[in-house]
Amino acid sequence: MSRTALRICPLCEATCGLTLTLDGTRVTGARGDREDVFSKGFICPKGAAFGAVDGDPDRLRTPLVRKDGELREATWEEAFDAVAAGIRPVVERYGPHAVGVVLGNPNVHTMAGALYPSILLGALGTRSLFTASTVDQMPKHVSSGLLYGDANAIPVPDLDHTGHLLLIGANPLESNGSLCTAPDFPGRLKALRARGGTLTVVDPRRTRTARLADRHVAIRPGTDALLLAAMAYVLFEEDLVALGALDPHVLGLDELAQAIRDFAPEEVAGACDVEAGTIRALARELAAAPTAAVYARIGSCTVAHGTLASWLVDVLNILTGNLDRPGGALFPQAATDRAPRPAGPGRGFALGRWHSRVSKHPEAKGELPLSALAEEIDTATEEGEPVRALVVVAANPVLSAPDGARLDKALDSLDFMVSVDPYLNETSRHADVVLPPPPPAQSPHHDFAFNTLAVRHQVRYTRPAVPLEPGRMAETEILARLILAATGMDGADPSAVDTAVIDQTLRKAVRDAHSPVHGRDPRELAARLTGDTGPERRLDLMLRLGPYGDGFGVRPEGLSLEKLLAHPHGIDLGPLRPRLPQPLRTVSGKVELLPRPIADDLPRLRAALRERPAGLLLVGRRHLRSNNSWMHNVPALTGGSNRCTLHVHPEDAARLGILDGAPVRVKGAGGEVTAPAEVTDGVRPGVVSLPHGWGHDRPGTRLTHAATDPGVNVNQLLDGSLLDPLSGNAVLNGVPVELTATR
Ligand SMILES: Nc1nc2c(c(=O)[nH]1)N[C@H]1C(S)=C(S)[C@@H](COP(=O)(O)OP(=O)(O)OC[C@H]3O[C@@H](n4cnc5c(=O)[nH]c(N)nc54)[C@H](O)[C@@H]3O)O[C@H]1N2
Ligand SMILES: Nc1nc2c(c(=O)[nH]1)N[C@H]1C(S)=C(S)[C@@H](COP(=O)(O)OP(=O)(O)OC[C@H]3O[C@@H](n4cnc5c(=O)[nH]c(N)nc54)[C@H](O)[C@@H]3O)O[C@H]1N2
Ligand code: SF4
Ligand SMILES: [Mo]
């Protein structure tokens with residue numbers, strides 16, 4: 001008998017509500033949930049393939065443990081015993097930093113990834129943390145940390161109300177949006193146009209998003225910070241700066257004007273390959289729009305000046321008075337955020353509190369660059385021990401990070417490695433223990449991370465659509481048991497982990513004068529929590545103590561898990577609203593417009609004014625039916641235009657004798673790969689594009705379908721030493737390459 005169940009889609013940041021059709025425990029179909037308060041029925045081809053993703057026969061069903069050099073099926077008990085036996089001796093002999101932790105992107109798409117990694121890190125006490133953030137949005141965290149004192153205070157464009165969107169280095173028509181959670185991003189952009197608003201896209205490729213725009217600026221890769229600095233210059237020069245209501249909250253306006261005085265449009269035009277008149281027009285349009293938002297993602301973030309570009313995005317929103325106002329860019333307030341406390345000076349944001357051992361990269365937000373993982377494993381120094389054991393949760397750095405070949409080798413030299421991953425892939429094949437989470441239909445879902453980045457306040461929770469198959473373990477329990485095994489408590493009751501967090505949180509809350517539960521008895525409060533599992537009780541706790549919560553009875557109409565469960569399609573909590581100065585945590589209690597580390601990095605940007613790359617520059621791209629490195633194994637999502645081809649402009653192809661469809665050798669500082677050419681004017685001249693996440697041709701993996709059309713690993717072209725110095729973020733775009741036609 002077929003039935004339906006609701007499940008929030010975890011396959012991208014848009015978080016659409018889906019209605020799954022089920023035959024027993026098998027997902028036979030998925031459609032958009034029309035009653036979902038946020039996504040209102042939207043679905044994309046990936047969501048529609050939820051059943052195929054969920055039911056992929058290559059997903060691991062049992063833990064694997066290496067015996068006599070081979071990964072073999074094992075019981076959960078054997079697997080956790082092996083984790084304890086692998087990690088404890090490393091900690092005891094070499095200290096906590098010899099255990100590295102690698103966290104990948106899907107952690108922001110699971111409840112387990114939101115609730116347990118910070119406990120693991122705290123319990124291990126390691127500084128060897130590497131995550132997908134440093135091949136992604138770390139520059140934005142750093143710029144937010146410096147401007148607002150909180151690395152997670154990331155303003156989101158008010159997509160549904162803005163009059164003008166300047167969209168830079170993002171392609172939401174394929175990616176469905178990032179650091180801006182908006183189901184049906186394409187529809188929202190069309191609605192912007194329909195209500196008379198304007199859309200400008202800055203991208204070296206004429207993407208599907210660019211084709212929707214009023215204006216497309218095909219910038220030279222890697223130069224957005226120059227373009228944005230020149231726009232800010234124009235705002236000052238032409239007297240277009242208008243802080244409006246922001247005025248009392250902002251420090252350093254004059255210093256900023258001084259700091260960017262070398263970046264006139266006429267000065268940056270050559271480097272950006274954008275006419276000065278166009279740059280002036282972009283600035284004037286931004287200032288003239290009734291409301292406007294500047295929004296930038298991967299293309300301007302994963303470059304050599306990623307932090308400066310991220311900072312300048314906010315600077316432009318501030319200078320035009322668009323930060324923190326409806327129609328501009330606002331700070332969302334999620335239901336599981338801590339309840340707002342009174343505004344006032346904070347502790348600020350510090351960078352470089354410690355450094356990586358080999359190349360001395362500063363930490364950012366407690367993380368070291370993912371690009372430095374290989375050298376932290378394979379290079380001995382006198383400073384301390386290399387990483388000898390690795391805990392990898394939902395990450396595939398062999399394909400996602402620069403110089404995968406070196407990492408591939410380094411992983412083999414570890415004393416011990418455990419991967420929490422549904423697949424035996426390019427990274428997990430090196431593990432001594434693989435702990436497979438259940439497929440998404442068997443997992444509960446709440447978007448802890450993406451609700452803090454959503455264009456509308458809302459809250460939704462879906463319980464597992466089908467029960468756990470026999471022999472499966474919830475990912476939350478896997479991580480709780482992993483924490484226990486890694487910290488010398490192997491075999492203890494995993495619910496103790498949740499109980500400890502709940503006790504600690506409540507004990508703190510009752511002592512906090514601003515908390516709705518101030519002065520109450522933590523045991524009485526704990527007893528009132530509802531939920532069938534530890535993670536549900538923790539969700540209940542966060543909701544009830546949060547900004548919309550019931551405060552354990554103080555506001556009976558407020559949120560709780562019980563209330564959320566009574567609203568299976570979610571609860572709408574209204575549009576984004578101005579919040580300043582409350583989110584500020586800087587030492588001054590103000591927005592610090594020109595923070596010291598930023599000012600100190602400007603000379604490097606000044607030097608870039610003179611740079612004119614002689615050869616071709618490589619950029620990435622995403623395809624609607626892809627997701628980083630792990631969705632090439634689903635036949636329904638591969639083929640057609642979703643292939644690992646090298647986009648080359650016809651002029652460059654003609655000059656280099658490259659024929660459409662013929663293999664081309666691409667050489668970069670880190671290595672070379674050969675991929676078929678796709679000659680297209682979708683890239684600007686001088687720019688070539690290869691997607692990432694491919695290269696599924698290694699032995700020892702179990703990705704049957706992906707191996708039939710493996711593609712090549714673009715990150716093998718990068719040498720890994722190129723970083724944005726402030727954030728440690730890898731330079732993935734604007735990388736020089738040479739092409740050779742092969743026959
Ligand atoms: N050249 C280039 N490189 C890039 C990028 C680029 O634009 N260009 N983009 C970068 C970006 S933005 C990112 S975020 C990174 C991503 O880098 P990673 O996070 O390393 O890669 P992913 O492919 O997202 O997936 C990581 C792993 O999670 C596993 N997984 C899937 N679902 C689950 C689950 O529910 N639980 C668990 N435990 N594991 C799961 C997958 O099998 C896979 O092994 O790649 C970066 N790399
Ligand atoms: N279908 C699909 N959706 C995804 C993913 C996926 O792999 N597939 N990955 C998810 C993840 S982890 C993330 S972080 C988001 C990313 O979401 P987006 O940031 O929207 O990602 P992209 O589609 O890679 O868009 C980046 C754009 O930047 C352009 N670009 C490259 N270099 C430069 C430059 O120097 N300057 C400018 N201005 N533009 C440049 C590229 O041509 C590209 O069009 O997508 C998420 N959603
Ligand atoms: S847009 Fe993203 S969240 Fe929505 S259905 Fe597609 S993959 Fe899922
Ligand atoms: Mo990402």
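Predicted model: local features only at pLDDT ≥ 70, side-chain atom pairs only at ≥ 80, totals over all residues.
## Domain layout

The domain assignment divides the chain into domain 1 (2-55), domain 2 (64-126 + 350-442 + 467-486), domain 3 (138-336 + 581-606), domain 4 (497-569) and domain 5 (614-741). Between domain 1 and domain 4, the centres, taken over C-alpha atoms, are separated by 29 Å.

## The shell of ligand 3

The residues that surround ligand 3 are C9, L11, C12, A14, T15, C16, F42, C44, K46, G47 and N176. Sorted by class, this shell consists of 7 nonpolar residues, 3 polar residues and 1 charged residue.

## The loop residue I43

I43 lies in the loop that runs between strand 3 (26-32) and helix 1 (45-48).

Leaving aside residues up to four places away in sequence, the contacts of I43 are with L18, A30, R31, G32 and A48. A14, which is one of the residues around ligand 3, is 29 residues from I43 along the chain, and the C-alpha atoms of A14 and I43 are 9.6 Å apart.

## The buried residues of helix 18

Helix 18 spans residues 404-412, and its buried residues are G404, L407, D408, A410 and L411. In an α-helix, with 3.6 residues a turn, residues three or four places apart point the same way. The elements that cover the buried residues of helix 18 include helix 16 (373-378) and helix 17 (397-400), together with strand 15 (389-393) and strand 16 (416-420).

Terms used. Residues numbered from 1 in each chain as written. Chains lettered and ligands numbered in written order. Heavy atoms only, no water. Near = heavy atom within 4 Å. Nonpolar A, V, L, I, M, F, W, Y, C, P; charged D, E, K, R; others polar. Helix = DSSP H or I, 4+ residues; strand = E, 2+ residues; numbered from the N terminus. Contact = heavy atoms within 4.5 Å. Domains from an automatic or database assignment. Buried < 20%, exposed > 50% of the residue type's maximum accessible area, 1.4 Å probe, protein only.
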